[in-house]
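The report below is meant for someone meeting this structure for the first time. Please look through the sequence and the model before reading on.

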Amino acid sequence: MASSSSSATSSQSPKKYDVFISFRGEDTRLNFTSHLHEALRSKQIYTYIHYRLEKGDGVWPSLEKAIQDSILFLVIFSENYASSTWCLKELAKILECSKNEGHLVMPVFYRVDPSHIRKQSGSYQKAFEQHEHKGIDKQQLQNWREALTHAANISGWHCGVDR
């Protein structure tokens, strides 16, 4: 499906993946995300998910390439998403591709209130306090904060405990 061209991608090279899923593994890998991935696969939607990394590949170059080679981005925000610098780095790259190439970003708020992401409150505030304590560059932190706010302002799906 990813090899077919569409108006959004006709001026660029063909994309390898229909969907790139960004998620915090320890929060959703063995439940929501694995079920979502399987549902997409069953519909022949070619999906990139972290565990597709080949042994020996550099993690960030492989992720960055997969992001660039994707048409649509599903960002699964969960309680600990912001505690992962990998997730935040992915999100910033996803939004860059969306801005520059017009790709769609579809947030899924998995058992987390979108306002906590927008305002970086609750577990998101704690995650940034930990990043600051680790000495991560203030400009990088600000970029990640802006990315979270931007993404949380995109209309998406809210999946609570009962859904």
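This is a predicted model: local features need pLDDT of at least 70, side-chain atom pairs count only at pLDDT 80 or more; totals for chains, interfaces and linings use all residues.

Of the 163 residues of the protein, 43% count as buried, and among the contacts between residues at least 6 apart in sequence, 77% join residues at least 24 apart.

The secondary structure consists of seven helices and five strands, which follow one another along the sequence in the pattern β-α-α-β-α-β-α-β-α-α-α-β. The five strands form an open sheet with parallel pairing, and their order in the sheet is β2-β1-β3-β4-β5. Because β2 and β5 stand at the edges, each with a single partner strand, one side of each is left without a neighbour in the sheet.

| Strand | Residues |
|---|---|
| β2 | 47-48 |
| β3 | 70-77 |
| β4 | 104-110 |
| β5 | 157-159 |

Strands β3 and β4 pair in the parallel sense over six bridges, and phenylalanine 77 stands opposite phenylalanine 109 in β4.

Among the helices, α4 covers residues 85-101 and contains glutamate 96. Glutamate 96 has a relative accessible area of 39%, and it is therefore partly exposed, since that class lies between buried, under 20%, and exposed, over 50%. Although glutamate 96 and glutamine 68 are 28 residues apart in sequence, their C-alpha atoms are 9.7 Å apart in space.

Technical notes:
Residues are numbered from 1 along each chain as its sequence is written. Side-chain values use heavy atoms; hydrogens and water are left out. Helices (H or I, at least four residues) and strands (E, at least two) are DSSP runs, numbered from the N terminus. Buried means under 20% relative accessible area, exposed over 50%, partly exposed in between (1.4 Å probe, protein chains only). Contact means heavy atoms within 4.5 Å. Two strands pair if DSSP finds at least two bridges between them.
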